[in-house]
Amino acid sequence: MKTYKKIGLAAFAAVSIVACKPKGTETAVSGDAAQKVYVAPGKHDEVMSFVSGGFNGQISVVGLPSGRTLKIVPVFSVHPENGYGFSEETKPMLETSHGFIPWDDQHHLALSQTNGEIDGRYLFANANNTPRVAKIDLKTFRTTEILEIPNSAGNHSSPFLTENTEYVVAGTRFAVPVDGQGDVPIESFKENFKGYLSFIGIGKEDGKMDITFQIEAPGFNFDLSHAGKGKSHGWFFFSCYNSEQANTLLEVNASQNEKDFIMAVNWKKAEEYLKAGKAKKMAVEYAHNTFDESTQMAKSEILKEVSVLSAKELKDICYLIPCPKSPHGCDVDPTGEYIIGSGKLAALIPVFSFDKLMKAIEKKDFSGEFDGIPILKYESVLHGEVQKPGLGPLHTEFDGKGNAYTSMFVSSEVVKWDIKTCKVLDRTPTFYSVGHLMVVGGDTKKPYGKYLVAYNKITKDRYLPTGPELAQSAQLFDISGDKMKLLLDFPTIGEPHYAQAGPAELFTKNQVKFYKLAENKHPYVTRGEGESKVVREGNKVHVYMTSIRSHFAPDNIEGVKVGDEVYFHVTNLEQDWDVPHGFAVKGAQNAELLIMPGETSTLKWVPVKPGMYPMYCTDFCSALHQEMQGYVRVSPAGSNTPLIYSLNNKKDNAQSPVKEGETK
Amino acid sequence: MKTQNLNKWTKVLLIILGIGLVTAIFVPIWSIYLNAPQYPEGLAMFIHSNKISGEFQIINGLNHYIGMKEIHADEFWEFKVLPYALAFFAALCFLATFLNSRKILYALTGIFLTFGVGFVFDFWRWLYDYGHNLNPHAAIIVPGMSYQPPLLGYKQLLNFEVWSYPNIGGGIMIGAGVILIILAFVEFRIAKKAI
């Protein structure tokens, strides 16, 4: 008997020791999580989210709670799938003052708002590298406008938005000399480098963007930003680091000051100064690219001037709030009263009060000045500090019930805390190194709440491995109860930084299903097969082509010569939802096209060798998709092969199967 | 003599029928609905007295696979006649009421019923023609298959489920036929009793 007991005890001890090993992550999810994220066939996701693509320059549209990716919207990157940035119509979208730039680093997104609530009209996106702000029309999920930002570099604190979509901002992450005067020694950083904050006005009706004014601020690194709302409407808050204004080994040299700043900007006041003519006009160069839905054509213009207000001279537009230490996220709660600075190297989270800020400004309760800008006393504007929240606080969003959720990069967790009392309520681990987090509508006046998504930087052990580079990661939490509950891990595309989300109906109600052919004002539109033709203008050959299930018209072209520039202007004649046609031709050096019903899209093709070149539809359109094809005969340069083409509609075939091309 | 007059209710109903038939000129008479896996939201086509509405262009696009003719309103003489026919019947309703004429009522009932039978036959012939008169060079030929939509009710045609039902105008016309029969019968009884 005793031996049995001994063996039993030994076994128990062994099990206990094994159990002492740090726990894996398999136990992270509790019972009903699968049910909560399962969206049955035939049902739709409850929430539509827009996730930044980071270094891929795109945006992905992801349904929640399922975590399924629904679409990739190309914004700052060429996209061979549909010809964005390759087609003649969309090439101008990626023009900048530096020329055509087919990529960027896309970090943050902002959904347009009315009265502080998401209205489902537009999505704004920033390009970090070559500073740009884009607008995506949510009726079509297409990028329809891109504005380059002058006097800027590393457009990081962007595109944050005021509560009625009056302005979207673009704050420079890199302090830079003004455009065109950058040939200076780095030693002259303190005198020559400035931080520019751009306020981009947004047209009420057409959503058109223009840089209404810029504010010249000290040469900090402006990191993130959020607009005031409710009572703090009229103000913008920017976090800034490197108040040391160091210019080498910033890892050490920009981490010396105990406190950096949050800059509070009174943009209403700035507007007044602008009206009063206090801005100086500055000669710059920046591109403004717009896509016109009616002509389905983008154009790029270079603008030459911007109005700049000086924060140093106009004393009451900017104030500095000391914020410990190297602040990253700068978030405003739904009431507009509390401004949360997340010092990424600080061991606490400071919460500032807008009322106290107003009082301190009124009483001129300043502790000093930085480059002519008043610094407010930390204690005078502080509402409270969240003590020991975790390590590396980065971003905070809100559920509208008085709770804040902060991501902790170093300690890999999300911490829930009470805004009023600054007490930590709950914490949950993430896997691993969480960057941004997003509560549905969490930066609006009325958060939808319910779900929180953490965007993690490291995904070891979360998914099947795929070589040295692993999938990017998001984690979905249910925040409807007192305790946060992990529901789902899902991989994402690119490196997700920030995201925006709202109830799906906000976006589904406005969808364009197809473009009306009758309203297509493209200069090379072909509204019916009868209008199809081939026109030679010198060495340019314009093909007015149509596509419909399941053929192109014309389907055969002869008389193209080496050295010709062939423009296939393909109009998709379909007038039905979800019937795009593709177009590809052998040897095309750019991409294919994906043409929506009723749309005209142009592929430029320059054949380099004589031969017979097949062209075909790349999107499986119908039972006869595989038959949707034709040929282009290319003859050597200087040959006199006649320019002819065949239209495959019956009437034409009855008379003559072949038509002659026009020569202009 | 009282019995020479039409019954008060007959007059009221004839006026309503007249108004109804005028209405039928302006509203869809018949609907054909199609559902298929790739068209979960369905396709609808409406036949009016003078035109076709709905998504018939999309249906035309699909029908070319099986070699069906395209549907175009201007190929139907019926659309030129139907509005006048309905107006004519409405006029007869009003005329019978104001002239207090049983004879007109009987005549109206007779012509309308003949017209009704003719209308249904013509519609059927129409559907038959579309369903059977197929292009021999069509991409998809299923041996022995024709694509005649149902005159009334449901039918499966390849991957499409097809429903065919009277719309408001058709309902009015059917109702008018039934009511006219009843009125003619009732008035005939009244007239007979009076003798």
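Select A:Lys416 and A:Asp426 in this predicted model: A:Lys416 stands opposite A:Asp426, which lies in strand E29 of chain A. The two strands concerned are E28 (residues 413-418) and E29 of chain A, joined by 5 bridges and running antiparallel. Strands count as paired if DSSP finds at least two bridges between them. Helices (H or I, at least four residues) and strands (E, at least two) are DSSP runs, numbered from the N terminus. Residues are numbered from 1 along each chain as its sequence is written, chains are lettered from A and ligands numbered from 1 in the order in which they are written. Local features need pLDDT of at least 70, side-chain atom pairs count only at pLDDT 80 or more, and totals for chains, interfaces and linings use all residues, while side-chain values use heavy atoms, with hydrogens and water left out.

Now widen the selection to the whole sheet. It is an open sheet of 4 strands in chain A, in the order E26-E27-E28-E29, with antiparallel pairing. Its edge strands are E26 (393-398) and E29 (424-429) of chain A, each of which pairs on one side only. On average, neighbouring strands of this sheet are turned by 20° against each other, direction ignored. Axes here are lines fitted to C-alpha atoms, for helices over the stretch in contact, and angles run from 0 to 180 degrees between N-to-C directions. Strands of a sheet pair through backbone hydrogen bonds, either parallel or antiparallel.

Next, select residues 132-137 of chain A, strand E8: 6 of its 6 residues are buried. Buried means under 20% relative accessible area, exposed over 50%, and partly exposed in between (1.4 Å probe, protein chains only). A:Arg132, A:Ala134 and A:Ile136 point one way from the strand, A:Val133, A:Lys135 and A:Asp137 the other way, and all are buried.

Strand E7 (residues 117-127) of chain A pairs with E8(A) in the antiparallel sense over 6 bridges, and A:Ala127 stands opposite A:Arg132. The two strands E7(A) and E8(A) form a hairpin with 4 residues between them. Strand E9 (residues 142-148) of chain A is also joined to E8(A) by 6 bridges and runs antiparallel to it; here A:Ile136 stands opposite A:Thr143. E8(A) and E9(A) form a hairpin with 4 residues between them, and A:Phe141 in the turn has a positive phi of about 55°.

Then go to A:Arg462, in the loop between strand E31 (451-456) and strand E32 (472-478) of chain A. Is A:Arg462 buried or exposed? A:Arg462 is buried, with a relative accessible area of 15%. Its C-alpha atom is separated by 8.3 Å from that of A:Ser473, 11 residues apart along the chain.

The last stop in chain A is strand E42 (residues 600-605), where 5 of the 6 residues are buried. Strand E39 (residues 565-572) of chain A runs antiparallel to E42(A), joined by 6 bridges. A:Val570 stands opposite A:Ser601 in E42(A).

Switch to chain B, which has 5 helices and 5 strands. Along the sequence they follow the pattern α-β-β-β-α-α-α-β-β-α. The radius of gyration of chain B is 21 Å, well over the 16 Å that the globule rule gives for 195 residues, so the chain is more spread out than a compact globule. That radius is taken over C-alpha atoms, and the rule is 2.2 Å times the number of residues to the power 0.38. Along its principal axes the C-alpha trace of chain B spans about 70 × 30 × 30 Å. Buried residues make up 45% of the 195 residues in chain B.

Select helix H5 (residues 168-194) of chain B. Its 27 residues reach 38 Å from first C-alpha to last, close to the 39 Å expected at 1.5 Å a residue; the expected span is 1.5 Å times one less than the number of residues. Among the buried residues of H5(B) are B:Met173, B:Leu180, B:Leu183 and B:Glu187. What covers the buried residues of H5(B) includes helices H1 (8-26), H3 (78-98) and H4 (102-132) and strand E5 (160-166) of chain B.

Finish at helix H2 (residues 56-63) of chain B: 6 of its 8 residues are buried, so H2(B) is largely enclosed by the rest of the structure. These are B:Phe56, B:Ile58, B:Ile59, B:Asn60, B:Leu62 and B:Asn63. They pack against strands E1 (30-36), E2 (39-47), E3 (52-54) and E5 of chain B, where contact means heavy atoms within 4.5 Å.
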